[in-house]
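Me: Can you walk me through this one? I'd like to start with the ligand.

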Amino acid sequence: MPNLDDFTLHNACESSLGDLARVFTAGYEGYPYPASTDAFQLARRVREESIALEVSFTLRRGDQAAGLVLVALRGDEAWCGGFGVVPAFRGQGLGSLLAREMVRRAASAGARRLRLEVLAGNDRARRTYEGAGLRTTREVLVLTWRMLVDHPPAKPQGRLESMSAEAALARSPRLFNVDACWQRSRASVLARTGTEGFELAVDGARAWAVCVNVPNRAARILRLHGETTGATTAMIHALQNRFVSLGIVNEPADSPVLPLLTEAGFTNSDHQYDMVIELGRPSPGVQPE
Ligand SMILES: CC(C)(COP(=O)(O)OP(=O)(O)OC[C@H]1O[C@@H](n2cnc3c(N)ncnc32)[C@H](O)[C@@H]1OP(=O)(O)O)[C@@H](O)C(=O)NCCC(=O)NCCS
């Protein structure tokens with residue numbers, strides 16, 4: 001156990017974004033997915049995910065960065081958008097210290113609930129969060145489809161119209177009625193650049209989607225909703241005819257679109273757990289009527 005007196009906690013807004021990006025990258029060393037970031041990418045995430053730098057923090061020993069926690073806030077909801085201990089400092093109880101501090105800071109910032117996702121194989125992180133009182137609530141899946149590897153798309157049906165994500169939302173408020181993960185919630189989608197909305201009309205029913213384009217005709221589906229199962233399936237086929245590869249990250253395991261995606265050739269490439277801690281009740285004075 002290190003001498004905790006040697007370590008100090010610092011608000012993330014005391015550091016430059018470049019420095020935070022370096023600590024983030026070092027804290028995620030060994031993570032199964034590429035997690036290296038820079039000031040530019042981090043600035044985008046701060047905007048899109050509502051990361052609150054005044055609640056987020058780093059852990060340091062003298063000049064050395066030992067860890068970082070990014071906390072996002074929207075109203076009384078908080079979400080952890082980054083959590084890492086630099087390899088040289090791992091396995092000494094510092095992750096547990098950061099997790100308790102994250103919970104404390106989220107609560108004192110007024111959040112009633114803090115949530116995060118953790119990869120199913122990341123037992124160490126899961127144990128760290130459990131130690132701070134977080135509990136697993138549901139499983140979320142990562143699905144991918146690639147034209148040249150998975151089965152080819154069915155013939156497109158109906159008429160696909162491209163529009164802004166905002167316009168797709170205006171046409172279908174129900175596009176956001178599923179309890180989505182933080183990065184695919186309404187606020188994240190609207191704050192994001194590089195998105196494209198779609199509406200498809202087929203057999204008297206409509207379906208909507210919002211995607212974010214990644215290079216080389218690849219896209220990630222952020223939202224998907226249809227008035228009927230047939231319209232939703234037709235939208236999936238339309239997207240498969242438009243892009244050469246598609247991904248959907250953190251789709252709840254009980255989502256109604258999951259069987260339709262699987263049927264269309266999407267395969268499950270990973271899964272995560274949603275973890276949550278309730279941080280207390282609002283005081284009677286501010287409780288809604
Ligand atoms: C996850 C991480 C933050 C943990 O930090 P750490 O400083 O090593 O954690 P601690 O030393 O405080 O140990 C935390 C808990 O994990 C447990 N643990 C350690 N190694 C473990 C392993 N291989 N499997 C399961 N649990 C393990 C510890 O026993 C401890 O639990 P306990 O307090 O109940 O005994 C660190 O490994 C890390 O930065 N990993 C890379 C980035 C990452 O995965 N971030 C999480 C993203 S969701």
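Me: What does the ligand's oxygen sit 3.3 Å from in G27?

Reply: A polar backbone atom of G27. Keep in mind that this is a predicted model.

Me: Which atom of Q92 is 3.2 Å from a ligand oxygen?

Reply: A polar atom of the Q92 backbone.

Me: And R127, backbone or side chain?

Reply: Side chain. An N or O atom there is 3.0 Å from an oxygen atom of the ligand.

Me: How much of the ligand does the protein bury?

Reply: The protein buries 73% of the 960 Å² that the ligand exposes when taken alone.

Me: Which residues come nearest to the ligand?

Reply: There are 21 residues around the ligand. Of these, F83, V85, G91, S96 and N122 come nearest.

Me: Which elements each supply at least two residues of that shell?

Reply: Strand β4 (77-85) and helices α3 (94-108) and α4 (123-131). The most comes from α4, which gives six residues.

Me: What's the shell like by class?

Reply: Nine residues are polar, seven are nonpolar and five are charged.

Me: New topic: helix α7. What span should its 14 residues have?

Reply: Helix α7 covers residues 229-242. At 1.5 Å a residue, the helix should span 20 Å. Its end C-alpha atoms are 20 Å apart, so the two agree.

Me: Which α7 residues are buried?

Reply: A231 and T232 are buried, and so is the run A234, M235, I236, H237, A238, L239 and Q240. Buried here is under 20% relative accessible area.

Definitions and conventions: Residues are numbered from 1 along each chain as its sequence is written. This is a predicted model: local features need pLDDT of at least 70, side-chain atom pairs count only at pLDDT 80 or more; totals for chains, interfaces and linings use all residues. Side-chain values use heavy atoms; hydrogens and water are left out. Helices (H or I, at least four residues) and strands (E, at least two) are DSSP runs, numbered from the N terminus. The expected span of a helix is 1.5 Å times one less than its number of residues. Buried means under 20% relative accessible area, exposed over 50%, partly exposed in between (1.4 Å probe, protein chains only). A residue is near a molecule or strand if one of its heavy atoms lies within 4 Å of it. A polar contact is a pair of N or O atoms within 3.5 Å; within protein, one must be able to donate a hydrogen and the other to accept it, and residues adjacent in sequence count only if both atoms are side-chain atoms. Accessible areas come from the Shrake-Rupley method with a 1.4 Å probe; for residues, only the protein chains shown count as cover. Ala, Val, Leu, Ile, Met, Phe, Trp, Tyr, Cys and Pro count as nonpolar, Asp, Glu, Lys and Arg as charged, and the others, Gly among them, as polar.
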